[in-house]
Amino acid sequence: MILQGQIVDILNRRIFKGEITIKDGRIFNIEEKEHHEDQYILPGFVDAHIHIESSMLVPSEFARIAVKHGTVATVSDPHEIANVLGIEGVEFMINNGKETPFKFNFGAPSCVPATNFESAGAVIDSDGIKALMANPDIKYLAEMMNYPGVLFDDEEVLKKIAWAKHYNKPVDGHAPGLRGDDVTKYIQAGISTDHECFTFEEGLEKLQKGMKVLIRQGSAAKNFEALIDLLPEYFENIMFCSDDKHPDDLLLHHINNLCKRAVNKGMDVFKVLQAACVNPVKHYNLDVGLLQIGDAADCIVVKDLKDFETLQTYINGELVFDKGVSKINSIPFKILNNFHTDKKEVSDFKFESSAKEIRVIEALEGQLVTNELIEESLLQNGNIVSNIEKDVLKMTVVNRYQNQKPAIAFIKNFGLKEGAIASSVGHDSHNIIAVGVSDEAICKAVNLLIENKGGICAVSDKDSKVVALPVAGIMSDQDAETIGKQYAELDQMAKQLGSTLHAPYMTLSFMALLVIPSLKLSDKGLFDGNTFKFTNLEV
């Protein structure tokens, strides 16, 4: 096979008219040659950190869509399904991904459960990490979210890191806002990356101390604008990632969009492409070609180096996307799940109290971190209820693995004026999380998900809509176009109910993520992520 075009040699920082010969799935020859093709040929894009489960698609279906945007590989943490199904879930992701040519590079989830302050469906201890690290399909130790465990020399945490070092595999980080001596110790433990930086200053400090910083632009957390000015000086130690990518977003764009935005800011195209294509391959030692003789023929053809519109995608020399059509087919697979809770009663969501003031979680647009507010409580017959006028709404987390009393908190900035929304995508343990204007609406939404054994939904007095997620309660068994359309319709319904958030479901799913400060809600109670302790709702 021969490809002609403007060849983008990122490693040697040159662009030239030429011809590429592909033989047996590898780059056999590259030579300069005059021709009339104006298209550009470059290495494929790599998402340096993504939870495939966040797309609500199984890996094979994710691959079918990602290649349309020139993505040939991902560095993927199967942390979400692992918290539901343990190592069985990790193996499902690996095996399903192998059904396609796409180059999934899965890590061993380091924090299952993410903390001991919530109920997950499985546990992966250091012995489990040892077994996973011995597997050649596992490329790295995935994000070490338990940074307090690192800082306080937790024996089990350090054992997990030691097994990654034993097998000479990188250790990913997760340390939002960690600075000074604490981040120095975190890095010295052997942790090499962080995708959680949300300020320029934080990213700069971590880069200066030897970390690689991943600039994240996902469906919820969007840090591109805050961090992209680090790229010109530190391009050798920066990568691009999504972290979490909802299906409607994935249908539109992927890493190609970050390249477009960076180049449109006037940044050097070679530096941008080094972050998007080269650095993940080198850091994680991936079997992904970089358009050099002898490399795997993992390359893309794009219309130009401004918008990065993908015309063709090749993986191991196989044409997997051509002029608008993905050549990767949807495949059948066995559905796995872990969902064992009974329907709830409206009375389960009452919070009996006489407190005049309560602690309130403040959700922040485009961020995973939250703030803590003190607000006046609204009491009705001894029950603290949602205050629609002040946008202080009741929220619940319901254990989906066993019958327990729902945990209750209050949250600001969701903006709902009627009804409720709920999701069994609830990071990181994936219990049911819901927010609504009344106990009745919350109960209706929670029970709709229990009936479906997982999904996301919106309910009102007159209507209800659900997107079922039968695979571990977090992924669909449908194709991307179907689930993307259903999700977009559900997102629109949430906004019709009054939500003012850009991505209400993605934001909701992170309100139980205890490893990111400040105030969050687990199935066991209200949790202060700054002190790593439970706290009272009442002031």
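## The largest pocket

By class, the lining of the largest pocket consists of eleven nonpolar, five polar and four charged residues. Here Ala, Val, Leu, Ile, Met, Phe, Trp, Tyr, Cys and Pro count as nonpolar, Asp, Glu, Lys and Arg as charged, and the others, Gly among them, as polar. The model is predicted: local features need pLDDT of at least 70 and side-chain atom pairs count only at pLDDT 80 or more, while totals for chains, interfaces and linings use all residues. Residues are numbered from 1 along each chain as its sequence is written, and side-chain values use heavy atoms, with hydrogens and water left out.

The volume of the largest pocket is about 400 Å³. Its lining has 20 residues, and those nearest the centre are Ala114, Asn116, Asn146, Asp154 and Val157. Helix H5 (147-151) and helix H6 (155-166) each supply at least two residues of this lining; H6 gives the most, with three residues. Helices (H or I, at least four residues) and strands (E, at least two) are DSSP runs, numbered from the N terminus.

Pockets and cavities are both found on a 1 Å grid over the protein atoms alone: a cavity is a set of points where a 1.4 Å probe fits but cannot get out, a pocket is an open set with protein on both sides within 12 Å along at least five of seven lines, and lining residues have an atom within 4 Å of a point. Grid points are joined across faces, edges and corners, and a volume is the space filled by probe spheres set on the points.

## Two cavities

The structure holds two cavities of 30 Å³ or more. The largest cavity contains about 90 Å³ of space. It is lined by 16 residues, of which His51, Glu143, Asp428, Phe510 and Leu513 are the closest to its centre. This lining is made up of four nonpolar, six polar and six charged residues.

The second largest cavity contains about 50 Å³ of space. Among the residues lining the second largest cavity are Glu118, Val397, Gly426, His427, Asp428, Ser522 and Asp523. By class, its lining has three nonpolar, six polar and three charged residues.

Strands E10, E11 and E12 form an open sheet in the order E10-E11-E12, with parallel pairing. Two strands pair if DSSP finds at least two bridges between them. Strand E10 (193-194) and strand E12 (238-241) are the edge strands, each pairing on one side only. Strand E11 (residues 212-216) is joined to E12 by four bridges. Leucine 214 has methionine 239 in E12 as its bridge partner.

Helix H8 (residues 200-208) has Glu202, Gly203, Glu205, Lys206 and Leu207 buried; buried means under 20% relative accessible area, exposed over 50%, and partly exposed in between (1.4 Å probe, protein chains only). The cover over these buried residues includes helix H7 (180-188), E10, E11, helix H10 (231-234) and E12. After H8 comes glycine 210, with a positive phi near 105°.

## An antiparallel sheet

Another open sheet has three strands in the order E27-E28-E29, and its pairing is antiparallel. Strand E28 (residues 525-528) and E29 run antiparallel and are joined by two bridges. Phenylalanine 527 stands opposite phenylalanine 534 in E29.

## Cysteines

A disulfide is a pair of cysteine sulfur atoms within 2.5 Å, and by this rule the count is zero. Cysteine 277 has its closest cysteine sulfur in cysteine 259, 6.0 Å away, which is too far for a bond. Cysteine 277 is buried, at a relative accessible area of 1%.

For cysteine 457, the closest cysteine sulfur is that of cysteine 443, at 11 Å, so the distance is too far for a bond. Cysteine 457 also counts as buried, at 0% relative accessibility.

## Surroundings of valine 459

Valine 459 is in strand E25 (residues 455-459). It counts as buried because its relative accessibility is 1%. Leaving aside residues up to four places away in sequence, valine 459 touches Gly419, Ala420, Ala441, Lys444, Ala445, Leu448, Ser464, Met493 and Leu497. Contact means heavy atoms within 4.5 Å. Valine 459 and methionine 493 are 34 residues apart along the chain, and their C-alpha atoms are separated by 8.7 Å.
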